[in-house]
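Here are my notes on the two-chain model you sent over.

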Amino acid sequence: MNMFLLPLLGGVLLGAGAALLLLFNGRIAGISGITAGLLTPSKADTAWRAAFVGGLAVGGVLLALVRPESFGPPVISGIGATLAAGLLVGFGTRLGSGCTSGHGVCGLARGARRSLVATLTFMAAGALTVFVTRHVLGGVS
Amino acid sequence: MKATLMAGLAGLLFALGLGVGGMTNPAKVVGFLDVAGAWDPSLAFVMAGALGTYGLLRKLIVRRAKPVLAQAFPPAPPSLVDGRLVAGAALFGIGWGLSGYCPGPALVSAPVGGTTVVLFVGAMLVGMGVFRAWEVLRAPRTSSQPG
């Protein structure tokens, strides 16, 4: 039962968080866009962006206290692979104007064709990457 | 001030959802993407729960004249599907499949997840900064200054 009930509940919670941001702040909960916006500080925007990202971090600390099993160990630990993955995620989400939350949740909910294309693309690229690293290379550290 | 507080609360709720849903467990994410192996479909339910909840609430929210603490709802972004969108999503997907981290779960895990995820978040911010620099450099010069 936990197999799908907990994921469903998690989805409801994060959907509610995104709705809260839209209702009160009139903002789209695209995590990559909110985070990238912090790199170019602006008087009007930096406070809410920092608060949202701060909320994510506080959520992480709370989860670690109450539900430590929420965090699994990393699947890669090599410095090179970790840095490469981070660079790709950072650069790619900006080039593609969004990540899992912005395109995959907020954009899809709006019925944006653009977000559907982005979501299918990053899912396919992710699946292909896992296929190559796991089943062709036999694992990447 | 109120808007800052609400943004913080929204982030907190979002983080709890990611954690409870299993998105902060990279092995689970990689398992979800491993369609040719021992496929773990559970994260599809995170997506379903999030889409259902946000989709429904969004419909009700945008009926309002404006957000509670802001002047207007965001305008719909351009509907353009171009090479940039696809290339960006593909690069992101490769990094996601490699690590099991997308930006949200990485930021939630950063304070508690150990060195690897801190390194990942650092590299992600550098990647975002590189994109910003790249965009500034290749932007057509609009300055009227000679030379």
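Predicted model: local features only at pLDDT ≥ 70, side-chain atom pairs only at ≥ 80, totals over all residues.

1. Everything below is computed from it, so to speak on its own terms, and side-chain atom pairs count only at pLDDT 80 or more.

2. Chain A on its own is quick to describe. Its secondary structure comes to 6 helices and 0 strands, and from the N terminus on the order reads α-α-α-α-α-α. Taken along the principal axes, the C-alpha atoms of chain A fill a box of roughly 45 × 35 × 30 Å.

3. Now for the interface. On the contact count, 99 residues of chain B touch 99 residues of chain A. Between them the two chains bury about 8800 Å², with 80% of that on carbon and sulfur atoms. If you want names, B:Phe14, B:Tyr54 and B:Leu98 supply 9% of the area that chain B buries against chain A, which is more than any other three residues.

4. What about polar pairings across the interface: how many residue pairs are in polar contact between chain B and chain A? The rule finds 9, with both residues of each pair at pLDDT 80 or more. The salt-bridge count between the chains is 1. B:Asp34 forms a salt bridge with A:Arg134, and the closest N and O atoms there are 2.7 Å apart.

5. Which elements build the chain B side? Those giving two or more residues to it are H1 (2-21), H2, H3 (42-61), H4 (83-99), H5 (103-109) and H6 (115-138) of chain B. H1(B) has the largest share, with 18 residues. Sorted by class, this side of chain B has 68 nonpolar, 25 polar and 6 charged residues.

6. One packing across the interface is worth a look. H6 of chain A (residues 113-136) meets H2 of chain B (residues 26-33) at an angle of about 100°, their axes being 8 Å apart. Angles from 65 to 115 degrees count as roughly perpendicular, so H6(A) and H2(B) are roughly perpendicular to each other. From H6(A) the contact uses A:Met123, A:Gly126, A:Ala127, A:Val130 and A:Arg134, while H2(B) brings B:Val30, B:Phe32 and B:Leu33. By class that contact has 6 nonpolar, 1 polar and 1 charged residues. A:Arg134 also turns up in the salt bridge with B:Asp34.

7. H2(B) has a packing within chain B too. With H3(B), the angle is about 95° and the axes are 8 Å apart, so these two helices are also roughly perpendicular to each other. Here B:Lys28, B:Val29 and B:Phe32 of H2(B) meet B:Ser42, B:Leu43 and B:Ala44 of H3(B). The residues of this contact divide into 4 nonpolar, 1 polar and 1 charged. Note that B:Phe32 is in this contact and also in the one with H6(A).

Definitions and conventions
Residues numbered from 1 in each chain as written. Chains lettered and ligands numbered in written order. Heavy atoms only, no water. Axes fitted to C-alpha atoms, helices over the stretch in contact; angles between N-to-C directions. Helix = DSSP H or I, 4+ residues; strand = E, 2+ residues; numbered from the N terminus. Parallel < 35°, antiparallel > 145°, perpendicular 65-115°, else oblique. Contact = heavy atoms within 4.5 Å. Nonpolar A, V, L, I, M, F, W, Y, C, P; charged D, E, K, R; others polar. Buried area = accessible area lost by both parts, 1.4 Å probe. Salt bridge = Lys/Arg side-chain N within 4 Å of Asp/Glu carboxyl O. Polar contact = N/O pair within 3.5 Å; in protein donor to acceptor, adjacent residues only side chain to side chain.
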